[in-house]
Amino acid sequence: MSIHVSYELTAEEEYRGVRRAYRRRFAVVRACCAALAACGIALLVTGGQTVLGVVLVVVALLLAFWQSFVTGLRVARHRAQYPGPLTITFADSGCAFTTGGFRQAFSWSRFSRIRDDRDHLYLYARGELPVAVPKSEFHPYELGELLRVLRSRPNYRPPRHSP
């Protein structure tokens, strides 16, 4: 198998792709923020621990904004470091990313997770930002062949049903 795909995303599209890749992580942080805020509001309403209540509400708000802010910074830093269109070459042994004259190859075992949803293929290399590859960039035959190979890998996770 040798499949090449080249595409360029806007900063907003890349950010949305990374957010979708980190969907579970964002949900956990939102749940923690909601729990902290609820505890803080309960303390404020009961009137016993006003200072602690305010601290919990402020921490919940900061944590909620911090996660989005840090993710946006990581995407911006990544785009500045690797400008231009991204070309990915998929092979039986792994895949290679080429952008702006820089090439980096990964074996399939280097990915902690590989998953897909209706619109994207997500590649989670250890220690790197996840790469969201739009499925619309593939020819239908190539996408089918690639998904067949990826689904045989132990680190592939089947698609979850979207709400």
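Buried residues, meaning those under 20% relative accessible area with a 1.4 Å probe and protein chains only, make up 36% of the 163 residues in the protein. The model is predicted: local features need pLDDT of at least 70, side-chain atom pairs count only at pLDDT 80 or more, and totals for chains, interfaces and linings use all residues. Residues are numbered from 1 along each chain as its sequence is written, and side-chain values use heavy atoms, without hydrogens and water.

**Overall dimensions**
- The protein has a radius of gyration of 20 Å, whereas a compact globule of 163 residues would be near 15 Å (taken over C-alpha atoms; the globule rule is 2.2 Å times the number of residues to the power 0.38).
- The C-alpha trace spans about 65 × 35 × 25 Å along its principal axes.

**Secondary structure**
- The protein contains four helices and eight strands (DSSP runs: H or I of at least four residues for helices, E of at least two for strands, numbered from the N terminus).
- Their order along the sequence is β-α-α-α-β-β-β-β-β-β-α-β.

- Strands S3 (residues 94-99) and S4 (residues 102-107) pair in the antiparallel sense over six bridges (pairing requires at least two DSSP bridges).
- Cys95 has Phe106 in S4 as its bridge partner.
- Two residues separate S3 and S4 in this hairpin, and Gly100 in the turn has a positive phi of about 55°.

**Contacts and charge**
- Of the contacts (heavy atoms within 4.5 Å) with a separation of 6 or more, 53% involve residues 24 or more positions apart.
- There are 22 positive and 12 negative side chains (Lys and Arg against Asp and Glu; His and the chain ends are not counted).
- The centres of the two charge sets lie 9 Å apart, with each charge placed at NZ of Lys, CZ of Arg, CG of Asp or CD of Glu.

Conventions
Buried means under 20% relative accessible area, exposed over 50%, partly exposed in between (1.4 Å probe, protein chains only).
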